[in-house]
Amino acid sequence: MPGGHASELSRHMTPRALRCLVALLALLAASCGGARDEGAGTGRLAVTAGPTATDVARSTSRALAEDPATAVGAAANGDPDRGRALVLEYECNRCHDGTGQPAIATERHCTHCHEDIATGRFGAGTPRIAEWKRSVLPYRHAPTLDDLGKRLRPGWVARFVHEPYDVRPNLAATMPRLALDAGKAADLAAYLTRDAPRERDVALAGSAAAGRALMEAKGCGGCHVFSGVPALPSTPALGDAIRRTAAELAPDLRHTRDRFRRDALVPWLLAPSSLKPTTLMPSHSLTEREATDIATYVLETPLAPRDDTPVVKRLPLLARTVTYSEIERRVLAITCRHCHGDPDVAGGDGGPGNTGGFGFSPRGLDLSSYRSASAGLLGRDGERHSLFERTKDGTPLLVAALVARREEEAGRAPGDVRGMPLGLPSVGAEEVQLVETWIAQGRPR
Amino acid sequence: MNSLSRIVGSAVFVASGVFAATLLAPADARACGGEWYPMMQVDPRIQGTDKAEDALDEGKTLAAAGSVIRMIPHIRQLDVTKTKIVQRASRVLALATVRYDGALPLSLEVPYYAQGTWLGRTDAQRRANLDWATKTLRAIASARHDDPAARTELAEGLARVDATRGEARGILEELAKKDLITSPDGYAVLATLRERDGDAEGRRAALDRCKAMSPNAAACRADTRAS
């Protein structure tokens, strides 16, 4: 009997040794028990630290059912329920806060990852971190989507999501042109503006001239551009980091009449944080009269038409030889590989343009080497196509994509080819010329 | 005697306690007074394979092959699809083997005890090397589904063997139609295959593409590519 052996053994132990052994085992058992609790606790924490997508979806669904104000979302011809699912599908929470969904993991989150790199918190310990820091500086901010419906019109949100353009002149235009149709854009807009009351038609009876004078006196031009009107006097935003960030996020006021709710502009000017608690727009202690004057100027002053000269000047082909190494150094390595990378060296994630993301299905385009770039991409027909295949007007696909990005930035109607680099500033005319020359020369390695 | 049995008994009891403690120890090392980490050792094959791939791209075929054999002398015994690093290293060695027609003159690159049959001193060794290379390239192409780069390289290997030349040409013609041949070497092989089949114009066109892609004119010597 085991118990018999134990009592036999215990007879041979000195009381002191027995006490030590019992104490040792008790200590071990206690620590292990604690560890199990801790482990289990950690497991529970991992599940409950933030609401899961399902939890959020359920709670939002309840809110939508209970709050009559959310009927506005449906009134914008979009379905907020479908929009909520689309926020996850298109990974809006990969760049934006305030989507109503938990932020995506930092290593896949645009601005969180860039912020970590810029502030030295990124733990890669790679010698290239200094180079990365320089690269990410223009891409540290994306506007939060908190309380969007209190300020912006659902219809404009839908149009912008469908065909984004450069709203914030001091911030890199990083909103990607997603693979969605107008119906899905309306669903997304309905979800993002779901908590807003219906917009009231407001007649503004202020003085536009007084509004202009006030804007000059208050220094609005320090952060905002207002294209289409005589330039507002500006002082460069060289102050603290918060002021610089505010200037980056400040939209071109030309777009206010399309994007901002007419009934929200005066309340916004009087107390910006009442409509968006996290805003960097300062309160200028305006009277209601002054706010109305500014709103009248911003919404009703005539605007000069936009400059419609062609954005893209296609430079002639170069006479000298252009090799792949030059294309790699000047174009591919700077922008393209962020989304068209080699999944074998990135834990299986080749980026949205290769293994999928932002709602894009995997297209299998890897621009990490000459060999992989020559292997083309998966077309919508499921077949492989060359990156240098000619489009309808005879332009190679790669060149057409680079050119299309410049058109998108200028707010022109996008064509069949999606502009590249997606959600990043367009490459310069000289870079396009290099790529075009390289292709015309037979793509020398 | 009595004291000896007490000592033995105590030792057995303590040993049982330690044994029990080992069994009770949790998987989570934090429970035992701090976290324990294994010493991380950097796998030199990753950087080595990277360099071998660069060497192959630069036309330093023997240097690339030698580097792979020195790093992984038993590579022939490994399952090529098992890990990415083995797949990448195998691809480099297989392509080098194909480009040297199964006989790699590596006596100065690789120590004698690692040379194995790679030097292809006999016809049987050379054929066995080519056989391994084509099997390897086929396994990679199969693992990478429709990847035109893997298919171009498979065709390069298949073109070395009489029985599979037709298959090689079929692959390359299909890729060429879509402008998806991924290397000048692929076009050089296509030129040779077209020449064999009496297509002089097709040969010229393929050689022109090869020369446009490759700064190294020697890479486009069609006569050495599918002999």
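**Exercise 1.** Work out whether A:Asp147 is buried, partly exposed or exposed.

*Solution.* Start with the cut-offs: with C-beta atoms placed from the backbone, 20 or more others within 10 Å of a residue's own make it buried, 12 or fewer make it exposed, and anything in between is partly exposed. A:Asp147 has 19 other C-beta atoms within 10 Å, so it is partly exposed. Helices here are DSSP runs of H or I, at least four residues, numbered from the N terminus. Finally, check the backbone: phi of A:Asp147 is near 50°, a positive value in a non-glycine residue. For context, most residues other than glycine have a negative phi.

A quick note on the model: it's predicted, local features need pLDDT of at least 70, side-chain atom pairs count only at pLDDT 80 or more, and totals for chains, interfaces and linings use all residues. Residues are numbered from 1 along each chain as its sequence is written, while chains are lettered from A and ligands numbered from 1 in the order in which they are written.

**Exercise 2.** Find which residues the cis peptide bond joins.

*Solution.* Look at omega: it is about 5° for the bond joining A:Met420 and A:Pro421. Then locate A:Pro421, in the loop between helix 19 (397-409) and helix 20 (429-440) of chain A.

**Exercise 3.** Identify the buried residues of helix 9 (residues 154-162) of chain A and say how they are arranged.

*Solution.* The buried ones are A:Pro154, A:Val157, A:Ala158 and A:Val161. Now look down the axis of helix 9 of chain A: these residues fall within an arc of 100°, so they line one face of the helix. The arc is taken over the directions from the helix axis to the C-beta atoms.

**Exercise 4.** Decide where chain A should be read with care, using pLDDT.

*Solution.* pLDDT is the predictor's confidence in each residue, from 0 to 100. Chain A averages 80, and 79% of its residues score at least 70. Values stay under 50 over residues 1-13 of chain A, and also over residues 24-75 of chain A. Where pLDDT is low, the predicted coordinates should not be read in detail.

Terms used. Helix = DSSP H or I, 4+ residues; strand = E, 2+ residues; numbered from the N terminus. Contact = placed C-beta atoms within 7 Å.
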